[in-house]
Structure formats: structure tokens, C-alpha cells
Amino acid sequence: MDQNEAPLIDALAEYHRLDRYGFTPPGHRQGRGADPRVREVLGSETFRSDVLASGGLDDRSSSGGYLKKAEQLMAEAVGAEQAFFSTCGSSLSVKAAVLAVAAGKGDLLVSRDAHKSIVAGLVFSGIQPRWIRPQWDPKLHLAHPPSAADVEEMWERYPDAAGALIVSPTPYGTCADIAAIAKVCHDRGKPLIVDEAWGAHLPFHEGLPTWAMNAGADICVVSVHKMGAGFEQGSVYHLQGDLVDPAHLSACADLLMTTSPNAILYSAIDGWRRQMVQQGTDLLGKALALAGRLRRDIDGLPGIHVLEDELLAAESSHDLDRLQILMDLTGLGISGYQGADWLREHRQLDVGLSDHRRIMATLSMADDEASAQRLMEALKALTEAAPSLPTPAPVALPSPKELELETVVLPRDAFFGPVEDVPAREAVGRVAAEQITPYPPGIPVIVPGERINAAVVDYLESGLQAGMVLPDPADPALHTIRVVRR
């Protein structure tokens, strides 16, 4: 195929050239009906390109095949057999993968550091998760991806599971040995799903960690908006091999997705693929070089340590995406929550992740010397301001064992069954009926169907006092927790 083409972008340009007009949704009619105050902020071109995907950009039978061709080009570009675009984020894509592999078939091996969207897929489907415990790091208090031996051990315990799902890269930028894990799964004739939401860029530069499709995964889900140049909600899920039926995978996605996909999101994915094929090696090479220099410079600031070697030690992660700059602020005597809030308030900079001791700055191909210098100046100012910040509230960190809650009820049954709200302290020993997720990174501490222990309640309550955000429980202040009614 001609990778210089971008069929969706070209179709949108042709739509404008022909001055098409639709007596169809969207009702703003390419911005004609939009409030001028809204157009001033969002831009007239945004509305102009928001056209109906089928019956607008393409005809009512989609005979132009623009989306299909764009997906074929994407698959060829990254070395997958098939690719499917989603305008509902990787949250939809990973749910579709879970449904296609395991719905109606019983169990699924799932890495316990899974994103909350995966838990939602378990709730929808009624699948029994068999949790693969990640490699908890008690010193850093973060989870490394599971090893191939961890996955093999779970297969020995649950040989009839439908497949396995792991997360790589993790939100901290660490990566699993996907090739070894894929072999373990394939030796049993079972598929491997990789939630690679943070890895859309990986196929396009050899200096980055291994791309899941190259490592043998059967399904791989990526978020183009995270490490690519797509809009928010733009996602692609890739497929290869004969262990998952592509028609069934597509049908599962169709159950979940909107019937009104946004042509702007589709087109941005298409255009990004072309850009990566043409310029990705150069753009990502420059980004990696910039990241290398920035990592060294930041690590030289007093009180800030950039994590790298300790993330790649024995029994931890297999590889690391060095565009993800994870900084420990312990030496400044402040928490990551405080650091993130100070940077936003005083330097108008946002960081993507913060926890009780760390913040993360994610670089992309869009960053340059100017943006790197802005980050450096802001971090230097933070080191100077840190002594004047209040002592951070302590967080009661559970041990790895205490984080391993027992699953006693199917997530679906716990979520949809009879529930009651009880004071948080009285929830100890009860079965959770909701998920509770510090966000970011979005990994649930409590999943529906798990028995709650005191250490986890202490962690969440103290975390809230220290600045943790819990967006999903019924009571975000955590005065109460929703549990299965006795």
C-alpha cells in the first residue's frame, strides 16, 4: 500500500472542496449554528471538520471505504494483520478485547495493575478474573509488570482460562517481557491481550521498547492521544494470528461503540500514521535525545531524583520508555501531589502523574528545547520553593501482601447486586460493590467483589488527606464505601 496516502484526510479535504452541505447531524452545520463565543474559543475550523462519517464524509453505504483503507494502512505500517479505529478511547478498545476473548468462556488471567477500564469490562461481561500479581516494589511502592514466570504459574493454576491480559508500558513507563509472556500463552494455545495504551509510538523507532505486535501479542490496544498526535479518545486496537476471530472482535466493539463516530478523531489517527511512516524515526529520535539530556539535567537538581536503574533491576521491569520522566521528590521534603499542584499554580505546567512521592513529565515528539527549558526552569523554581511548603501529610502505605485483596464474588455480581453504603471503617471485612481508584494512574485499589481490609482503607483515607484524587466511588470523600449487602 502507498503509505503516503491518508484516505480520511483526503476525503475531508474533498468534502470541503466540493462545499458539501448536509441536512443531517451534526446540527451546528459546520459551525453555522454555533455560538460565536464558542467558535472564538474552539475555532471555526474545528466545527467545519466535524461532519457525519457515514452519509457525509463517505456516502450512506460507505462505498468510498475511507475508514477501511485507513485501517489497512495502519495495520501495514505497524506490522499487524488488522487494525480497528475507535473514537471512544482505549477504554472501549480494551473492553472489546476482553469480551471477544473471554466473554461466555469463564476465566481470564488479568494483571492486577490493570486500568479501571479493564475492570469495567469484567463487570460488563461477568468474566471471572484470575489476578496475575504484578511485581510489587515495597521500596518504591509501585508495581512492575508481571514476569513470564508469574504468568506461567497462573496458567498452571487456571489452565482453562480463555486468555491473558497484561499492561505494558505501565503508567510509570516500565515494560514487560512481552515476547516471553506471549510464548507462555501460545504454548497453551491461548491468546495474549496487551493493554499498550501508553505505547502508540513504539512501532516507529528502534530505540523504544518492543512493540507488542512484534513481540507476538494477539491483540494490542493503543491510545493515539497519549503518545501520538491524535485527539483525546482516539484509539486503535490491533490483531494478528488465528487465536481471536476478527469478526467477533469487531462485533464486540460494535456493541460498545457509538453509532456517531467523530470524523475528526478518525482523520487525526489517519494523518498521524502517515506522519510516523514518513518522519517518525527522525521525530522520535530527536525526542529520545532530548529526553536523555533532560533526564540528566533534572537528576542534577538538588532534591529531585529521576528514576531509571531502579526500575530495571533484577525481578522488576524488562524495559523502560525513557520519554516518561519519573521524578522522586522525596529529597525536597514534599509529596508528588504538592509538587504537581505547585507547578500548576505557579508555573502553569501540568504533569501527567503524581503520587505520594513522585511526579511524571511525559515527553513526546512535539517537545523541543523551548518546552524542555520551560520544564527545567519550573523544576528549579520548585526546588527553591519546596522549603516553604508545608510538611506533607503522611500516607499509610500498605505492604504488597496487604494490597492483594481476595476476590470472593464475581465483579459483575458485586456491582449489580444488592448494595449498601457503610462508614469506611465498617467496610473492613466486607465485599466491595464499587471500584475505588486513585487517578491518575487509574489502577483500582479496590475492585468490586474483593474483600476490603483495614490496611487499604487506611491507605485511601490517608491518601485523600495528602492530596490523592478518587473520582469513582459513590462517596468521593470516602466517608462511606459501597459494599455488597449481607
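**A histidine and its surroundings**

A: The side chain of histidine 205 reaches the backbone nitrogen of glycine 207 at 2.8 Å. That is a polar contact: a pair of N or O atoms within 3.5 Å, where within protein one must be able to donate a hydrogen and the other to accept it, and residues adjacent in sequence count only if both atoms are side-chain atoms. The model is predicted, so local features need pLDDT of at least 70 and side-chain atom pairs pLDDT 80 or more, while totals for chains, interfaces and linings use all residues. Residues are numbered from 1 along each chain as its sequence is written, and side-chain values use heavy atoms, without hydrogens or water.

Histidine 205 sits in the loop between strand S8 (192-195) and strand S9 (219-223). Helices (H or I, at least four residues) and strands (E, at least two) are DSSP runs, numbered from the N terminus. Not counting residues up to four places away in sequence, histidine 205 touches Thr281, Leu284, Gly285 and Leu288. Contact here means heavy atoms within 4.5 Å.

Rolling a probe the size of a water molecule over the atoms shows where empty space is left. The grid is 1 Å, over the protein atoms alone; a cavity is a set of points where a 1.4 Å probe fits but cannot get out, a pocket is an open set with protein on both sides within 12 Å along at least five of seven lines, and lining residues have an atom within 4 Å of a point. Points are joined across faces, edges and corners, and a volume is the space filled by probe spheres set on them. The whole structure holds three cavities of 30 Å³ or more.

The second largest cavity holds about 40 Å³. Among its lining residues are Ser168, Pro169, Leu202, Pro209, His318 and Asp319. By class, this lining has six nonpolar, three polar and two charged residues. Ala, Val, Leu, Ile, Met, Phe, Trp, Tyr, Cys and Pro count as nonpolar, Asp, Glu, Lys and Arg as charged, and the others, Gly among them, as polar. The peptide bond from serine 168 to proline 169 is cis, with omega near -5°. Proline 169 belongs to the loop between strand S6 (164-167) and strand S7 (174-175).

The largest cavity has about 80 Å³ of space. Its lining includes Tyr15, Arg29, Gln30 and Asp50. Glutamine 30 has phi near 55°, a positive value in a residue other than glycine. Its place is the loop between helix H1 (7-17) and helix H2 (36-42).

Next, the open space. The largest pocket has a volume of about 680 Å³. It is lined by 36 residues, and Tyr172, Pro438, Pro440, Pro441 and Tyr459 lie nearest its centre. The lining comprises 23 nonpolar, five polar and eight charged residues. H12 gives the most, with four residues.

Proline 440 lies in the loop between strand S16 (419-423) and helix H16 (454-466). Leaving aside neighbours within four places in sequence, glycine 352 is in contact with Met360 and Pro440. Glycine 352 is in the loop between H12 and S14.

Last, a helix pair. Helix H4 (66-78) and helix H11 (263-299) pack at about 35°, with axes 10 Å apart. Axes are lines fitted to C-alpha atoms, for helices over the stretch in contact, and angles run from 0 to 180 degrees between N-to-C directions. H4 and H11 cross in a left-handed way; that is, the near helix is turned anticlockwise from the far one by less than a right angle. Leu67, Ala70 and Met74 of H4 are among the residues that make the contact, as are Tyr266, Trp272 and Arg273 of H11.
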